[in-house]
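Biologist: Please take me through this model. I want each label set against its cut-off.

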Amino acid sequence: RNAGWTANPAHARFTPYDTDSLWNLKKWFMELHKDTIPEAELVPLAQAFANVEAQGCCYGQELMDLLKHLGEPIARVYRNLKHNKYTPTMMLASKAARLHRYLRSLIYYFCIRKAYILSHYR
């Protein structure tokens, strides 16, 4: 049906606001359905699917059902990847406090260093 096109930024309306994961969701969705759904319908469906999965957006029940049906295999893989990537790490509160102080001191050091460089080399 859509022979001759691929899910590239020109067809998918890649925007500067798309994160890598949002773009990949859209791309995977379009690649999966490009032979069965016309491009004019597929691009907005891919955007809606990515919005639902990555940002938790909600739409009308009919569209949500369609997105759930069409995107089920992609959503399953995406959720599994997301779960494995963001598995929380447990640590003692005292260790977390030391780490927090250390990171704050690094940020402070680099801010002071940047201000020094900017003020002396203009």
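Here are the labels, one by one.

Modeller: Some ground rules. This is a predicted model, so local features need pLDDT of at least 70 and side-chain atom pairs 80 or more, while totals for chains, interfaces and linings use all residues. Residues are numbered from 1 along each chain as its sequence is written, and side-chain values use heavy atoms, with hydrogens and water left out.

Biologist: Why is lysine 26 called buried?

Modeller: Buried means under 20% relative accessible area, exposed over 50%, partly exposed in between (1.4 Å probe, protein chains only). Lysine 26 has 1%, so lysine 26 is buried. Lysine 26 is found in helix 2 (residues 20-33). Helices here are DSSP runs (H or I, at least four residues), numbered from the N terminus.

Biologist: What lies across from lysine 26 at 48 residues along the chain?

Modeller: Isoleucine 74. The C-alpha atoms of lysine 26 and isoleucine 74 are separated by 9.9 Å.

Biologist: How do you know what span to expect for helix 3?

Modeller: The expected span is 1.5 Å times one less than the number of residues. Helix 3 (residues 39-55) has 17 residues, and 24 Å is expected. From first C-alpha to last, helix 3 reaches 23 Å, close to that value. Glycine 56 follows helix 3, with a positive phi near 75 degrees.

Biologist: Which residues of helix 3 are buried?

Modeller: Among them are Leu42, Val43, Leu45, Phe49 and Val52. Asn51 and Glu53 of helix 3 are buried too.

Biologist: What makes a nonpolar core, and which members touch the most others?

Modeller: A nonpolar core is a set of buried Ala, Val, Leu, Ile, Met, Phe, Trp, Tyr and Cys residues joined through side-chain atoms within 4.5 Å. The largest one has 19 residues. Leu25, Phe29, Met30, Leu45, Phe49 and Leu67 touch the most other members. Helix 2, helix 3 and helix 4 each supply at least two residues of this core. Helix 3 gives the most, with eight.

Biologist: Why is the pair of phenylalanine 29 and phenylalanine 49 called stacked?

Modeller: Rings of Phe, Tyr and Trp (its six-membered ring) pair if their centres lie within 6.5 Å; planes under 30 degrees apart count as stacked, over 60 as edge-to-face and the rest as tilted. The structure holds one aromatic pair. Phenylalanine 29 and phenylalanine 49 are 5.0 Å centre to centre, with 25 degrees between the planes, and the pair is stacked.

Biologist: What does the pair tie together?

Modeller: Phenylalanine 29 lies in helix 2 and phenylalanine 49 in helix 3, so the pair ties together parts that are 20 residues apart in sequence. Phenylalanine 29 is buried at 0% relative accessible area, and phenylalanine 49 is buried at 2%.
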